[in-house]
Amino acid sequence: MSLINEDLLRIEVVNGAKKVFQKGLVQAGEGNISFRIPNKDELLITPTFNTYDDFEKADIVHMKFNGKVLSEGRLPSSEYKLHVAVYQLRPKVMAVIHTHSPYATIMSAAIKKIPVIIEEQVIFLGGYIDVSEFASAHTDEFSKNAIQALGTRNATLMANHGVLVCGRSMKHAVKMAELVEKLAWIHYGATLMGGTISISENSCPMFIDDFESKFSTHREFTSRCEE
Amino acid sequence: MAIEKEDQYRMEVVRAAKAIFNKHLVENNEGNVSIRNGKKEELFITPSANQYDTLNEDQIVHMAFDGTPLSSGKLPSTEVKLHIAIYNSRPKVQCVIHTHSTYASMLSILRKGIPLIMEEQIIYLGGSIDIAPYGEAHTDEIGKAALNALGCKNGALLANHGVIVCGRSATETIKFAEFVEKLAKVYWGTLQIGEPYILEKENLDKFRTMFKSLFANCPRSMLKEF
């Protein structure tokens, strides 16, 4: 990997991080954003105790999947194991984002799944949004539970811990992080008004092909719409 | 030299005040921010009837912990005793912020503290956010009640009176104020649609260790029982 290319990839991470910050999906010290270095067991990730408003590409940490830090300066996000677990399991994934966006975090702390409520949810995310079983952060069990809750989809909530999304590009991943928050907000609001009516049975199969061809990152043969 | 340092503290108060205003944690006339004058028994605090949008260094009030004014011009925030109570009992604290952020204020009026719902809550604040019983504003009682609710932690709710946070620097104290509001919103939201999953029974010692080494600012003797 030439230095110039690595520089471009760092800019991807900075841009992704600034976007999720500007959209209000993370606050200082929350969440983390990473990008895979193509064809290597390495990633670029936001630093621990990240302050989104004043950080720059020199703050991004370059590291191996095995935990070895290759860059000088900042320490990596303490959630790097979660990112590595996703990259290792899903070769198509180029970007991973973890946020604490407000309504999704409410859902995650109330342990409430988001059923399929709008069609874009199927196209971009592959179906409903599950909640992983609680495990203490930074542990292998935490990653395992998150991966399990991802299933064949691109997003999951993690018990008391917000959102995890993965995408074929940083642009996809940012879009998904934003969509999860929007869906959580809608589901929250609809729940207060009397209950969400899921559209899974009717609409989900129609959009699974779009998901599979454009956005899916899993390795299964095909996705399922339902739990 | 000393003057320069004092100017820096004034600028730091203005910076923190504008930060919490821009994050919508306070409106004009609400809340207050102070910085301790190094190791002296003095502080710099936002003025009474503070207008955050037009606040500048000249409006920051310098005063001694015994109440002696050290600057001319504006009067200090009427909550200055609350700030001084915290500085007096916690030598490590360099910054105190009081906000009326919306969701935290709602909980403070319902007199509900925030249970442990996220692991970061331990790292930054020390754990659950307890609520101080009602004490009349501007009195010594509110200072005692706040310190009691803080325990060895960095944030508390004040009954019908919003949020109090303290830290070793302005930057981390701003973060705490923001984080308390986020937690209040998340807790409030979970109560609307169900029940929050509360973490008290989990093994969270590694996060307590992080709190103690990175952010705790209470006297060391209090941390022994933490």
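## Polar links between the chains

Chain B and chain A share 13 residue pairs in polar contact, both residues at pLDDT 80 or more. A polar contact is a pair of N or O atoms within 3.5 Å; within protein, one must be able to donate a hydrogen and the other to accept it, and residues adjacent in sequence count only if both atoms are side-chain atoms. This is a predicted model: local features need pLDDT of at least 70, side-chain atom pairs count only at pLDDT 80 or more, and totals for chains, interfaces and linings use all residues. Residues are numbered from 1 along each chain as its sequence is written, chains are lettered from A and ligands numbered from 1 in the order written, and side-chain values use heavy atoms, without hydrogens or water.

The count of salt bridges between chain B and chain A is 1 (a side-chain nitrogen of Lys or Arg within 4 Å of a carboxyl oxygen of Asp or Glu). Glu30(A) and Lys182(B) form a salt bridge, 2.9 Å from N to O.

## Extent of the contact

Chain B gives 28 residues and chain A gives 26, with contact meaning heavy atoms within 4.5 Å. About 2400 Å² is buried between chain B and chain A, 61% of it on carbon and sulfur atoms. Buried area is the accessible area (1.4 Å probe) that two parts lose on being put together, summed over both.

## A buried glutamate

Glu79(A) is buried yet has no salt bridge (buried: under 20% relative accessible area, 1.4 Å probe, protein chains only). The nearest side chain of opposite charge, Lys206(B), is 8.2 Å away. The side chain of Glu79(A) makes a polar contact with that of His161(A), at 3.0 Å.

Conventions. Buried < 20%, exposed > 50% of the residue type's maximum accessible area, 1.4 Å probe, protein only. Lys, Arg positive; Asp, Glu negative; His and termini not counted.
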